[in-house]
Each structure stands twice: as structure tokens, then as C-alpha cells.
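Let's take a friendly look at a ligand and the protein around it. Here are the sequence and the structure.

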Amino acid sequence: MTLPRQRIAILGGGPGGYEAALVAAQLGADVTVVDSDGLGGACVLTDCVPSKSLIETSNAMTLLNRSADLGIASGGLATVNAARLYERITDLARAQSRDITARIAAENIKVINAHGRLKGPGTVQAGDQEIKADAVLVATGALPRVLPGAQPDGERILTWRQLYDLTELPRDLIVVGSGVTGAEFAGAYLALGSRVTLISSRDRVLPQEDEDAANLIEDVFRRRGMTVLSRSRAQAVTRDRDTVTVTLDDGRQVHGSHCLMTVGMIPRTEGCGLDQAGVKVDARGFIEVDRVSRTSVPGVYAAGDCTGVLMLASVAAMQGRIAMWHTLGESVGPLRLGHVAATIFTDPEIATVGVSQRAVAAGEVQARTLKQPLDTNPRAKMAGLVDGFVKLFTSPGTGVVLGGVIVAPRASELILAVSVAMEQRLTAEELAHTFAVYPSLSGSVTEAARKLMEFTPDTL
Ligand SMILES: Cc1cc2nc3c(=O)[nH]c(=O)nc-3n(C[C@H](O)[C@H](O)[C@H](O)COP(=O)(O)OP(=O)(O)OC[C@H]3O[C@@H](n4cnc5c(N)ncnc54)[C@H](O)[C@@H]3O)c2cc1C
């Protein structure tokens, strides 16, 4: 006797939703994805992919404008063709969404282009269609948080999702918010040629990140000419024709041509029927889930930004896959947030994995720490790189690698060595005995490991 195919309904076609759909189809389920805005989700169409594409151009600008230092007879300062830049970004995002759509179609996954909502635990309403399912995954993402008194108009006062509709480069950009998104865009636009003021309500930029890394980035920003206003909270943003004014809570005013608001995200769950289905949300409205993506209602799972767990595409995708493995009876381990590798795509990039300096300083984790500056690395010298470091954490008893922070160009690529070491429970000694190419930036990873081997208790 063949068992009936499990029916899976997925609300949202971002990484949380489409990656789950691929796993469920692979396991033989009958899968329907309901998505209102396009497969790939905000990740592909408005957030991660467009921002990283913009940053690729800004990195190229930085290199071009340093070319004289590298011995190239420069033809003057490079400038941006904004229309071409934004066209490239939106084309690229749409192409990636199309690739995902083709992949989903190839797996015989049904896609309904509509706003969907839960009608009850096993029923999803998508436009005029009703879908019955054995399990439902909610992966509806999140929206930019809007401050009262700072309403985006899509022209001069902007969320990051509105940047790519501009026809020009902001001449004088004010970025409100110095978290990851604010820091990435502030750095990118500075490199592209905008004058940039970054308004941070905290003591420093990137307040949640490794302090050494954040201080380095703030120093780089200031050296390159960015105005960073610390301990400055924006209270209102207004526009008068071509000028925007940000009023701070101490009465000071900052004027610019454009203002980009990066003050966090709110869950995109309104109208999703969570109340009717009895799905619990936390005080900020994010869907409560356990480490196998179960919500408070049996048969209803949630993944990605709408859970507020860790707002990364890789985490959304893993939460979605785990939900499917769990509901379809595969063996599955809980989500391991301590193993997530993440990068802030500033220049230089900040990549992290495993334990943090903050946890070590707070005594939550016992670890030896070593910070190896990048400016002693021969490859860095050849490329004229001075800003950056490799920091490793190891267990004092065993020498096992517990994590690390890398601040360097393409740190997002370099961190893999530390992730592998951590995942495989390698010791500093084992990492140090691994060949790195000479000359290479990854040589600093093995050098840091070598130095950790040399540590004696007296030097800790
Ligand atoms: C500027 C920026 C840069 C980022 N860069 C990175 C990065 O470099 N690396 C990284 O890992 N992460 C990055 N992120 C985070 C990443 O984009 C998110 O974590 C990821 O998009 C979450 O995926 P998701 O599937 O939860 O939601 P989304 O990608 O938001 O997808 C949700 C989908 O659900 C649809 N939807 C919503 N409600 C409904 C409904 N009721 N019915 C039907 N469909 C619905 C939406 O239209 C959307 O298509 C970045 C975020 C931002 C803001």
C-alpha cells in the first residue's frame, strides 16, 4: 500500500519558503507555495541581493580611486552612472528571482501568486483558492520599521527598498541607524561618491558587533570623510523640496539631499490569519518558534524573518528546511545558532562565527583570544591593505577553535576556514599545521592559530 503524499502549504517564497519547498518536494510531498511579490522574496528582490550588488560596485570604485597608489596612471576620479548602476542591480535581482522560479517549477512545486492567509491550522486561503494541507509553513518575512515623524516618501526620505528607484546618486546622504544595514549603505554610498552623514543613537557604529571590528570600521569611515554622529537619536525627518532635515532629540538639525532610514524591521504578519489559527507571537509581533521551527499550533511551522530569530537568509533557509525535515519524518537536529557564520559587507568586511568577544568578556565562555593584525600579512602589503585583523577564540583546556572574527576584504570568504575548524572541533594546533597559500590573506588565519599554540598561561 502506498501512503498518501503529504500536502505542504508554504506562505512566502523567500529563502525561508522556497528552500523549504525544495526539501519537501525532494521528500515526495505535494507542495504549494503562495507568494505575493515574487519568488526569492525580499532577500532577492529588495534586500540582500540588491544591496550586495551595490556594494560590489562601491568596492570597485574604492579600488579604482586607489589605483594611483598601486602605480596606475589614473585618468582622474572615477564617477558613477547611477541609472546604469540601478538598472544593473534590478536586472540582476529579477534574473535571480527567475532562476528560482524555474528551479521551483522543475520540481513540480505549485506556485500561487497571491496574498495568502491561514484560515485555520490546516487551511490556507490564497486569493480565491483554498488549500488544504497536512502542514503549513509561514515564511512571510519582515518590513522596514518606520519611525513616527519620519515617513518615507520614496523620493528623498527612503527605506533601503526604495533606493533602486532613484535616478541619481544622493549628493548628500544622511543615514539614520548604524546597525548592519545602515553601516553597509553608509560605507557603500561614501565609496560611490556621496557625502555621507551617519546618525547613530549609540556610542559607536555597529553596537551589537565585535567591539574591535566596529571601532576599526568607524575609524575607516571617518578617515574616508564620513561624518559619524554618535549618541544622536533622530526624532523627525522632514522634507522641503530638495532638502531633507533630520532633527535630533537634542534639537540639533542635520541637512542633506536624501535620508535613508535603517532603524530595524517589523514582522510582516498582518493579515496572515495568525490570530484565527491561534499562532502565538512575542511582544514585538514575531512568531514564536522552537528550534525545529514549530509554532504554538501543531502542524503550523514558521521560518525566517517573521520569527525574528536571526535575520539572515542562511538562517531563514535552514529554519525552513528543518521544518520540512521535521514534519516529513526525517531525522533532524535543532537549529544551531552558535554555528552561524555571518558577514557585514562594509569595506573591509567583518565576518564572524562562533563565540563572541562579548561572551568571553562577560565570563559566559572561557576562551583564549588572539588578534592578528592584517598589516603584517605579505599579501595585504602587496595590495596596500592596512585595515583588518584575524581574531581567534580557542578553548583554554583543549585548544579547540571556538570561533573567530575576520576583518578584511572578502572576509566573507576567509571565515570558512574558521567555520570548518569550529564545526569539526579542530584545535589551534591542527589549524596551524594546515597549509595556507603563500602569499595569501588566509595565511593570517594559520598565523593566528600558530600564535595561540605559543601562548603560555603567563601571557593570557
Ligand atoms: C539591506 C539588507 C541586506 C541583507 N543582506 C543580507 C546578507 O548579506 N546575507 C544574509 O544572509 N542576509 C541578509 N539580509 C537578510 C535577508 O534578506 C533576510 O534574512 C531574508 O530575506 C529572510 O528571508 P524570508 O524568507 O524570511 O523572507 P523574505 O525574503 O522577506 O521573503 C518573504 C516573502 O513572503 C512574501 N509574503 C509576505 N507575506 C505574504 C502573504 N501574506 N502571502 C503571500 N506571500 C507573502 C513576500 O512577498 C516575500 O516574497 C539582508 C537584509 C537587508 C534588509
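Which of the 37 residues around the ligand come nearest? They are Gly16, Asp35, Lys52, Gly116 and Asp305, where a residue counts as near if one of its heavy atoms lies within 4 Å of the molecule.

## About the model

This is a predicted model, with local features needing pLDDT of at least 70, side-chain atom pairs counting only at pLDDT 80 or more, and totals for chains, interfaces and linings using all residues. Residues are numbered from 1 along each chain as its sequence is written, and side-chain values use heavy atoms, with hydrogens and water left out.

## Around the ligand

The shell around the ligand holds 16 nonpolar, 15 polar and six charged residues; here Ala, Val, Leu, Ile, Met, Phe, Trp, Tyr, Cys and Pro count as nonpolar, Asp, Glu, Lys and Arg as charged, and the others, Gly among them, as polar. Elements that each supply at least two residues of this shell include helix H1 (15–26), strand E2 (30–35) and helix H8 (313–327). Helices (H or I, at least four residues) and strands (E, at least two) are DSSP runs, numbered from the N terminus.

A polar side-chain atom of Lys52 sits 2.9 Å from a ligand nitrogen atom. On the backbone, an N or O atom of Ala313 is 2.9 Å from an oxygen atom of the ligand. The protein buries 93% of the 1000 Å² that the ligand exposes when taken alone (Shrake-Rupley method, 1.4 Å probe).

## H1 against H8

H1 and H8 pack with their axes 7 Å apart, at an angle of about 35° (axes are lines fitted to C-alpha atoms over the stretch in contact, and angles run from 0 to 180 degrees between N-to-C directions).

Technical notes. Polar contact = N/O pair within 3.5 Å; in protein donor to acceptor, adjacent residues only side chain to side chain.
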